[in-house]
Amino acid sequence: MTSLLFLNHYLVWHYTIALWLILHIWKNMLWFTVHFFSIPLLLRSLFAPWKRMTETSGGKFDFEAIAGVVVIGFFSRLLGALVRGIIILIGLLALLIEVVSLLFIYIFWLTAPGLIVGLFVWGILLLIF
């Protein structure tokens with residue numbers, strides 16, 4: 001009788017509380033990934049100069065100095081956008097992998113008790129026959 005009560009409590013926990021706990025852990029993992037890759041910060045500063053590398057004209061009104069400031073500023077911002085974009089894409093790929101893995105985790109979690117019983121019965125049948 002106590003084993004049936006234990007089984008009942010286990011199945012209630014397995015299909016109610018544990019599913020919410022898995023979802024809560026998954027949300028924490030998503031939060032960690034977003035903040036590990038700094039996705040919001042990188043999106044806000046996407047076109048900022050790389051490592052704040054900029055050139056100043058030195059107060060002169062010279063065409064070469066102004067052209068140097070513009071060219072170096074452009075390439076610094078281009079490099080910054082390229083590096084930040086790659087990091088953002090890697091972070092989004094990690095998020096996609098986490099979302100897809102949740103689906104597989106839930107499928108496994110929902111089928112695990114039946115799978116364990118089925119494999120146990122199959123093993124007994126292999127021993128008998």
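**View 1. Leu-11 in helix α1.** Leu-11 has its place in helix α1. The model shown here and in the other views is predicted. With a relative accessible area of 32%, Leu-11 is partly exposed, because that term covers values between 20% and 50%.

**View 2. A nonpolar patch on the surface.** Leu-11 belongs to a nonpolar surface patch together with Leu-4, Phe-6, Leu-7, Tyr-10, Trp-13, Tyr-15, Ile-17, Leu-21 and Leu-110. The accessible area of these residues together is about 940 Å². Helix α1 contributes the largest share of the patch, nine residues.

**View 3. The aromatic cluster of Tyr-10, Trp-13 and Trp-109.** Ring pairs join Tyr-10, Trp-13 and Trp-109 into a cluster. Tyr-10 and Trp-13 are also among the residues of the nonpolar surface patch.

**View 4. The ring pair Phe-74 and Phe-75.** Five aromatic pairs are found in a search of the whole structure. In the pair of Phe-74 and Phe-75, the ring centres are 5.4 Å apart and the planes lie at 70°, so the arrangement is edge-to-face. Phe-75 is partly exposed, and its relative accessible area is 49%.

**View 5. The largest nonpolar core.** Seven residues form this core: Ile-22, Trp-26, Leu-30, Phe-37, Ile-39, Leu-95 and Leu-102. At least two core residues come from each of α1 (2-36) and α3 (63-128). Helix α1 gives the most, with three residues.

**View 6. Surroundings of Phe-37.** Phe-37 is one of the residues of the largest nonpolar core. Apart from neighbours within four places in sequence, Phe-37 is in contact with Leu-42, Ile-87, Ile-90, Gly-91 and Ala-94.

Terms used
Residues are numbered from 1 along each chain as its sequence is written. This is a predicted model: local features need pLDDT of at least 70, side-chain atom pairs count only at pLDDT 80 or more; totals for chains, interfaces and linings use all residues. Side-chain values use heavy atoms; hydrogens and water are left out. Rings of Phe, Tyr and Trp (its six-membered ring) pair if their centres lie within 6.5 Å; planes under 30 degrees apart count as stacked, over 60 as edge-to-face and the rest as tilted. Buried means under 20% relative accessible area, exposed over 50%, partly exposed in between (1.4 Å probe, protein chains only). A nonpolar core is a set of buried Ala, Val, Leu, Ile, Met, Phe, Trp, Tyr and Cys residues joined through side-chain atoms within 4.5 Å. Helices (H or I, at least four residues) and strands (E, at least two) are DSSP runs, numbered from the N terminus. Contact means heavy atoms within 4.5 Å. Patches are made of residues with over 30% relative accessible area and no salt bridge: like charges are joined within 9 Å, nonpolar side chains (Val, Leu, Ile, Met, Phe, Trp, Tyr) within 5 Å. Accessible areas come from the Shrake-Rupley method with a 1.4 Å probe; for residues, only the protein chains shown count as cover. A salt bridge is a side-chain nitrogen of Lys or Arg within 4 Å of a carboxyl oxygen of Asp or Glu.
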